[in-house]
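Welcome! Have a look at the sequence and the 3D view below, and then let us walk through the inside of this protein together.

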Amino acid sequence: MKKIAVIILNWNGEGMLREYLPSIVSHTPAGIADVIVADNGSTDSSLQYLADTFPHIRVLPFGENLGFAEGYNKAVDSLRDEYEYVVLLNSDVKVTDDWLTPLYEFMEAHPDAGAAQPKIKSLTHPDRFEYAGACGGFLDRHGYPYCRGRIFDTVEPDNGQYDTPLRIFWASGAALMVRTELYISCGGLDKAFFAHMEEIDLCWRILLAGKEIWAVPSAAVYHLGGGSLPSSSPRKTYLNFRNNLLMLHKNLPNGVRRGLLFRRRLLDTAAWFRFMLAGDISNASAILRAHRDFRSMRSQYTSHPKENLLNGDVNILFDYFIRARKLYSQLRN
C-alpha cells in the first residue's frame, strides 16, 4: 500500500494541468505515492483532459467550488484511511527530478516531524527562491512572517546557502507534506481565512500539538506563484492584514494576546499612514477593512492555547527597515 497522496486542487485549471501536471507525474515516484486531483466543480475541460491524457490518475470530483481550504480538507478527509501522508501541492508547481523521496525519507526518520516543505524556487527565475515559502518560514515577535531566503519583497538567489535541513515555524502551502491524521486532528485549513496565511495558521496548531515543522532543502520544486493576486492588490493587502490578526487571536494565550494585538494595531496604523502618504488610498482602505472585519470575526474563536510560541527576539520591521538587514543570514538567531 502506498503511503503518500500528492493532492492537487483544481478549479477550471485545464491550462495549469496541461503545463505542470506532466512533470509532477513523471517525477513523483510511483512506488510510494499516488498523484490525485481534487476537482472543485470545474466547468471547463479539466476533467476531460485528465480522462484523455492521464486516465490512471485518481480524480476526486466535488460537485461545487468549495474553495481552497475546504477543498483540501474534504480531499484529505476522504483519503485518511488510505494514506499515512498527504502533500498539498499547488497546481502551478513544476518539478524536474525526484522531489518527493527526500521529504518522505526525512519524515520517516523523524517521527516528531509533523510537516515539512521542500526548497521552493521561482519558476520564472530558477536561480532564485520563490516568494511563497522559499526555504522555510518563521514569525517574528509581532507575528510578521518571513522566510529563509525571502524577507518582505527581498528574494535571495539560491547559492546553496540554506541547504541544511532546519526546524522552522511554518511550511509553505505551495508544497506542504503533512501526516494525514495530524492534519485532521489539528482541524485542517481554516476556511474562514479564504486565502493567505491559512497554512501558517495550520502549522502553528501543529506546533501547539507538540510536533515539529521542517524545511528539507534536498527536495526542491519550482513554483510559478503570484497567479491569483498581485502583490499590489488591495484584496491581497486586506487578506494578509485580516488573516494575520485572526491567526494571532486564535493561537496566542490570554495573557499575551491583548497586548500584542494592541501593538499590532499601532504598527498597522503606521502601515496605513505609509499608504496614505504614497497616495495609495485603496490599500490604505484595505487595512481599515481588515481591522473592521477582524473585530467582527474574532468572536468565532473562543478557545485559546496556554503556550506562547511567539517568543523569539527577531523584530523583522526594525531589522529590515532600520538596520537594513535584508537577508535571513543577517538576522539575529
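## Cores and rings

Let us start with Ile-316: beyond its neighbours within four places in sequence, Ile-316 is in contact with Asp-140, Tyr-144, Tyr-146, Ile-151, Phe-152 and Leu-331. Please keep in mind that this is a predicted model.

Ile-316 is also one of the residues that touch the most other members of the largest nonpolar core, which has 64 residues. Another core, of 35 residues, lies apart from it and includes Ile-57, Trp-99, Leu-103 and Ala-116. In soluble globular proteins, nonpolar side chains tend to be buried together.

Now for the rings, which form 13 aromatic pairs. Here are two of them:

| Pair | Centre to centre | Angle between planes | Type |
|---|---|---|---|
| Tyr-85 and Tyr-104 | 6.1 Å | 90 degrees | edge-to-face |
| Phe-152 and Tyr-320 | 5.0 Å | 65 degrees | edge-to-face |

Tyr-85 belongs to strand S4 (residues 85-89) and Tyr-104 to helix H4 (residues 100-109), so their pair ties together parts 19 residues apart in sequence. Tyr-85 is buried at 0% relative accessibility, and Tyr-104 is buried at 15%.

The other pair links distant parts of the chain, 168 residues apart: Phe-152 sits in the loop between strand S9 (150-151) and strand S10 (154-155), and Tyr-320 in helix H10 (residues 316-322). Both Phe-152 and Tyr-320 are buried.

Which residue lies over the face of Tyr-320? That is Lys-326, at 3.7 Å from the ring centre. Likewise, Arg-150 lies over the face of Tyr-131, at 3.9 Å from the ring centre.

Note on methods:
Residues are numbered from 1 along each chain as its sequence is written. This is a predicted model: local features need pLDDT of at least 70, side-chain atom pairs count only at pLDDT 80 or more; totals for chains, interfaces and linings use all residues. Side-chain values use heavy atoms; hydrogens and water are left out. A nonpolar core is a set of buried Ala, Val, Leu, Ile, Met, Phe, Trp, Tyr and Cys residues joined through side-chain atoms within 4.5 Å. Buried means under 20% relative accessible area, exposed over 50%, partly exposed in between (1.4 Å probe, protein chains only). Contact means heavy atoms within 4.5 Å. Rings of Phe, Tyr and Trp (its six-membered ring) pair if their centres lie within 6.5 Å; planes under 30 degrees apart count as stacked, over 60 as edge-to-face and the rest as tilted. Helices (H or I, at least four residues) and strands (E, at least two) are DSSP runs, numbered from the N terminus. A charge sits over a ring if NZ of Lys or CZ of Arg is within 6 Å of the ring centre and within 35 degrees of the ring normal.
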